[in-house]
Amino acid sequence: MSTREAAESCREPEAHALLEPQAIAFHHQPVVRLDNARTHAYEALMRPILDGFGDPLAAFRAAEGAGLASQLDRACLESAIDALPEVPRGTRLFVNASPTTLLDGTITAAGLAGKIRAQGGAPESVVIELTEHAEVTDLEALA
């Protein structure tokens, strides 16, 4: 671990603050089809807006160092869905989530579908992209 990574992982008070809804924002990156140059989806890219966190990696390192990685991942997933009304209808929203978070039992497919519907979206319009930070040993449970 580099000196910078070690410093980021020791920021427990700031890591807890990252769990507050106002601590993160999302940029919706267009996903464009090459064959017709049309935007068919948007990827929700988390951006920490607390002072001291210049990028998402710094935020997740601090959260991991404080034992809060799954909580931050869950907060990001829920906040991305809360921002669903900002995404044009007829397009999909791609949201990153850790397999560890999806398997810890705090998030269910039914719960996510209900949250998506509450924001005026259709569950099939949201695509969960798995991050590559954790090894998946139980593919059946993840599916």
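**Exercise 1. The salt bridge of Lys115**

Task: State which residue forms a salt bridge with Lys115, and where the two partners lie.

Solution. 
Step 1. Lys115 forms a salt bridge with Asp82, and the closest N and O atoms are 2.9 Å apart. A salt bridge is a side-chain nitrogen of Lys or Arg within 4 Å of a carboxyl oxygen of Asp or Glu.
Step 2. This pair links distant parts of the chain: Lys115 belongs to helix H6 and Asp82 to helix H4, 33 residues apart. Helices (H or I, at least four residues) and strands (E, at least two) are DSSP runs, numbered from the N terminus.
Step 3. Lys115 is partly exposed, with a relative accessible area of 25%, and Asp82 is also partly exposed, at 37%. Buried means under 20% relative accessible area, exposed over 50%, and partly exposed in between (1.4 Å probe, protein chains only).

The model is predicted: local features need pLDDT of at least 70 and side-chain atom pairs count only at pLDDT 80 or more, whereas totals for chains, interfaces and linings use all residues. Residues are numbered from 1 along each chain as its sequence is written, and side-chain values use heavy atoms, with hydrogens and water left out.

**Exercise 2. The packing of H4 and H6**

Task: Describe how H4 and H6 pack, and name the residues that make the contact.

Solution. 
Step 1. Two packed helices are described by the angle between their axes and the distance between the axes.
Step 2. For H4 and H6 the angle is about 30° and the axes are 9 Å apart. Axes are lines fitted to C-alpha atoms, for helices over the stretch in contact, and angles run from 0 to 180 degrees between N-to-C directions.
Step 3. H4 and H6 are therefore roughly parallel to each other. Angles under 35 degrees count as roughly parallel, over 145 as roughly antiparallel, 65 to 115 as roughly perpendicular and the rest as oblique.
Step 4. H4 contributes Leu77, Glu78, Ile81 and Asp82 to the contact, and H6 contributes Leu112, Lys115 and Ile116. Contact means heavy atoms within 4.5 Å.
Step 5. These residues divide into 4 nonpolar, no polar and 3 charged. Ala, Val, Leu, Ile, Met, Phe, Trp, Tyr, Cys and Pro count as nonpolar, Asp, Glu, Lys and Arg as charged, and the others, Gly among them, as polar.

**Exercise 3. The surroundings of Asp104**

Task: Identify the salt-bridge partner of Asp104 and compare the accessibility of the two residues.

Solution. 
Step 1. Asp104 forms a salt bridge with Arg74, with the closest N and O atoms 3.3 Å apart.
Step 2. Asp104 lies in the loop between helix H5 (99–103) and helix H6 (109–118), and Arg74 lies in helix H4 (residues 69–82), so the pair ties together parts that are 30 residues apart in sequence.
Step 3. Asp104 is partly exposed at 35% relative accessibility, whereas Arg74 is buried at 17%.
Step 4. Leaving aside neighbours within four places in sequence, Asp104 is in contact with Ser70 and Arg74.
Step 5. Thr101, in helix H5, is buried, with a relative accessible area of 1%. Not counting residues up to four places away in sequence, Thr101 touches Ser70, Asp73, Arg74, Thr106 and Ile107.
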